[in-house]
Amino acid sequence: KKTIYLKDYLPPAWLIPETELRVTLAPEDTQVEAILHCKRNPHSKEPNAAIVLNGERLQLERLALNGRDLAAREYGYAEGLLSIPVQADECTIASTVRINPAANLELDGLYRSAGNYCTQCEAEGFRKITFFPDRPDVMSVFTTTVIGEKTACPVLLANGNLREQGELAGGLHFATWHDPFPKPCYLFALVAGNLVALEDSFTTKSGRRVALAIYVEPRNAGKCGHAMAALKTAMRWDEERFGREYDLDNFKILAVDDFNMGAMENKGLNVFNSKYVLALPETATDTDFDSIGGVIAHEYFHNWTGNRVTCRDWFQLSLKEGLTVFRDQEFSSDIASRPVKRIRDVNLIRSIQFREDAGPMAHPVRPASFVEINNFYTATVYDKGAELIRMMHTLLGEAGFRRGMDLYFERHDGQAVTCDDFVAALADANHHDFTQFKRWYSQAGTPELFVTSRYDAAGGRLLLRLRQSCPATPDMAEKKPFVIPLALGLLARDGRELSFSHAGRKNPAFLTITQKEQDFVLDEVAEEPVLSLLRNFSAPVKLHFDQSDEELSLRLGYDRDPWGRWDAGQHLALKALMQGIEQFRQGHQNITLPDTLKHGMAALLDDERADAAFRAVSLVLPTENWIGQQMAPLDPEAVFWVRQRLRALLGQELRPAFLRHYEALGKAAHRPYVYTTAEAGRRALRNMCLDYLLCCAPEAPADADMLALGERQYREADNMTDGLAALSAVVNADRERGDALLQDFLAKWQTDPLVMDKWLSLQAACPLPGTLARVRALLRHPVFDLKNPNKVRALVASFCALNQRQFHARDGAGYEFLKAMVAKIDRFNPQIATRMAAPFTQWRRYDADRQQGMRAQLEELLQAEDISDDLKELLEKSLW
Ligand code: B3K
Ligand code: ZN
């Protein structure tokens, strides 16, 4: 496969205003008849071009032009492209192909899951269903007739509104669906099988009634209530916050167990990984409930940002993904805790996206080239993309941003557009110049911001000196300065917020940095302040600003920006961690807990002004990923060891406080379980206390009383959140006692695949010695299934990405394991194999031995015959 470049974009030569499909389902031999009504594109640059259709893994039976069958010499077919020379400006192409859904294990195109049929077409799966110009700028009105056996497939669904249904001979029946909205074929969906639905309805703000339905396998009926409630909340929210109303007569969701990612926003017929739909208090944790709400909302919001206005080409993926992530983040923030949501999102940016930006797969939010588009559904395109939208929101303010969004929809409804079009709408609606800002879309890498400050007491002024730089990435050596909104506040030494002015404005929320080096003067600063910089993470940058432990403690206690409190705590902990790591590497194991960190954490735990959820997330020490990024070379054993040691010390030295809160929060519990923001927060804080209480230093035995406490919580829990938290704490603390609970858990839940994912994941992430042998044994356990992506993620990714200590073990056994898994999975599911291989891309960050170990695996994988294009791109870029 060749590299494709954004600069080579050409508009399509032909358009397909209308498409009729007739799909006759059979597990191994499905027939797809397509009629494409074609028209030359008046904007095409190639006036006499042939019609070119994509098609892969299709067995062509018949091809006809304007009703006349074509002989083989009348068209060309090579490398997945079917080309038909046509003289006229309009024509009709009919094709009949056969495909084999049962053999489709890459889960792309039409495939089977638990005996039901479903499709996944983004990005390029439609070409595995029928011949079609498989590119998002070809938008068509689809009419789809689905034909299946009445007994095996009582339910037959496709996008849009139901037009007709009826019986056919031979035990078959059919349903014809019509979607009036022109859409790219990546939004096509077809679903059929033995399914039951939870039904409901929603009345839009203009009074239209929309039928809602969530389809699941019969055994999962009764687990869709939370998803349905979340859907209705999301539909209302989009009307209120963005003025966006739903547009079809129905909105359908299907949940399947076999799915490559989270979910898919097919027009009016979303297909979901069952992980993001099914939930009962006994089977799903509060975190699951949160993510179901977030993903349901995300896919629903795509109806406007992605479907009504779609992408011109796949380089523009962030046009829909960055924007829709921003929208789902805002939704979650509005319905639950805004600060906690922000903290979680920033953790993801720092742990995952920053690391991606610093590695061999680094790419801008709008990539300039790719080999396999599926490799670009990344934290950069999604989450950094959302940060770009957030910065524009900051620069314009809520009202200005909304004006810009309104103009965007007004201008581009029904079109396939670019990120430039989006930014232009925001700019034009506000007379704002985003020219320089747009560098964020084309320059990869994480900008670094260096700040120094000086207080001039006599003048009551604070001088800020800022310098920005951005490391080279494989695609670009030199970066031009970014526009960086730097939100800030000043604290007095007693924690009060201090006022100031800048350029005649009182207390501006942020300064706008545009240059490589830039000075700012803040006036009317009454006393020497403690600075709170980058409030609410106003830009996705690494901030370098020295603050003493005392200053950080003050911010941890009093910063008016909750994100700033969290960030100060992280910074304080990071200083302690880095000192400890330094000592550990010099051979000292007796690492102690700095008083500032201990007191800061203790005060936070006791701070009744802050809500429980905020205290819970803020008590978590920086992630291993984020700590690792502060080190070169990265020593994963030192990172794990010191982090674990500091957690254990916090647990011991603050034991009375943790116990006191643990008891009190237990008494305050609402019984039975209810999922509300307040109750989930209470559980999170209580489980955080338990986690600290059970945490023991590496190689040290767990405290017997605390183990008993964990076991008791496990036994008494009436919900998965508390049960799993206890299980996990015991499993990580003691093999034997953990195993006993794991057995019990297995016996109870072995028939529930989603719960079994948790069971696998928890064992794979256990940092105790012997985990790899355990993981290998679990590969043969009856609940494991290599063909099922959720299972692979639960076992393989939990071990290789979450359990850094064991994965990077000195003997290289972890590397050997991952290579074998990737090689095996790549033979049938390249997308999942390539995702699993991600930890290897970081090889250059480690010491010489580990580098050598990982590199050897990358090379071996690359030498294997017949590896997928997906994996090849990752390997070649990593080794380059
Ligand atoms: N748009 C899909 C992702 C498709 C991934 C294709 N490899 C889900 C989402 O972002 O909403
Ligand atoms: Zn999305």
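Predicted model: local features only at pLDDT ≥ 70, side-chain atom pairs only at ≥ 80, totals over all residues.
**Entry 1**

I began with helix H1 (residues 225-242) and helix H3, whose axes come within 11 Å and cross at roughly 100 degrees. Because angles from 65 to 115 degrees count as roughly perpendicular, I noted H1 as roughly perpendicular to H3. On the H1 side I listed Thr233, Ala234, Trp237 and Arg241, and on the H3 side Glu330, Phe331, Asp334 and Ile335. Sorted by class, the residues of this contact are four nonpolar, one polar and three charged.

I recorded the classes for the contact of H3 with H5 as nine nonpolar, four polar and three charged residues.

**Entry 2: the shell around ligand 1**

Next I looked up which residues surround ligand 1, and wrote down Glu122, Ala123, Met261, Ala263, Met264, Glu265, His298, Glu299, His302, Glu321, Asn374 and Tyr377. Strand S20 (263-264) and helix H2 (286-301) each supply at least two residues of the shell. By class I noted five nonpolar, three polar and four charged residues around the ligand.

**Entry 3: the eight-stranded sheet**

I traced an open sheet of eight strands in the order S6-S5-S9-S3-S2-S12-S15-S14, and its pairing is mixed. Strand S6 (68-69) and strand S14 (161-167) stand at the edges with a single partner strand each, so one side of each has no neighbour in the sheet.

Inside this sheet I checked strand S5 (residues 59-65) against strand S9 (residues 90-99), and found them antiparallel and joined by six bridges. Leucine 63 has serine 95 of S9 as its bridge partner.

Strand S2 (residues 14-24) pairs with S12 in the parallel sense over seven bridges, and threonine 19 has phenylalanine 142 of S12 as its bridge partner. With strand S15 (residues 172-184), S12 pairs in the antiparallel sense over 10 bridges, and threonine 143 stands opposite histidine 178 in S15.

I also looked at leucine 36, which lies in strand S3 (residues 30-40). Is leucine 36 buried or exposed? I counted 24 other C-beta atoms within 10 Å of leucine 36, and since 20 or more count as buried, leucine 36 is buried. Apart from neighbours within four places in sequence, leucine 36 is in contact with Ile16, Thr19, Thr92, Ile93 and Phe132. As a distance check I took leucine 36 and aspartate 849, which are 813 residues apart along the chain and have their C-alpha atoms separated by 57 Å.

**Entry 4: strands S18 and S19**

I turned to strand S19 (residues 250-256), and found it mostly covered, with six of its seven residues buried. Strand S18 (residues 209-216) pairs with S19 in the parallel sense over five bridges, and isoleucine 214 has isoleucine 253 of S19 as its bridge partner.

**Entry 5: the four-stranded sheet**

I found an open sheet of four strands in the order S32-S26-S25-S34, with mixed pairing. Its edge strands are S32 (517-522) and S34 (542-544), each of which pairs on one side only. From one strand to the next, the twist averages 25 degrees. Nine bridges join strand S25 (residues 448-456) to strand S26 (residues 461-469), and the two run antiparallel; phenylalanine 450 stands opposite arginine 467 in S26.

**Entry 6: serine 499**

Finally I placed serine 499 in the loop between strand S28 (497-498) and strand S29 (501-502). Serine 499 counts as exposed because it has 12 C-beta neighbours inside 10 Å. Leaving out neighbours within four places in sequence, I noted its contacts as Lys506, Asn507 and Glu524. Serine 499 and methionine 601 lie 102 residues apart in sequence and 28 Å apart in space, C-alpha to C-alpha.

Conventions
Residues numbered from 1 in each chain as written. Chains lettered and ligands numbered in written order. Contact = placed C-beta atoms within 7 Å. Nonpolar A, V, L, I, M, F, W, Y, C, P; charged D, E, K, R; others polar. Pairing = 2+ DSSP bridges. Axes fitted to C-alpha atoms, helices over the stretch in contact; angles between N-to-C directions. Near = placed C-beta within 6 Å. Parallel < 35°, antiparallel > 145°, perpendicular 65-115°, else oblique.
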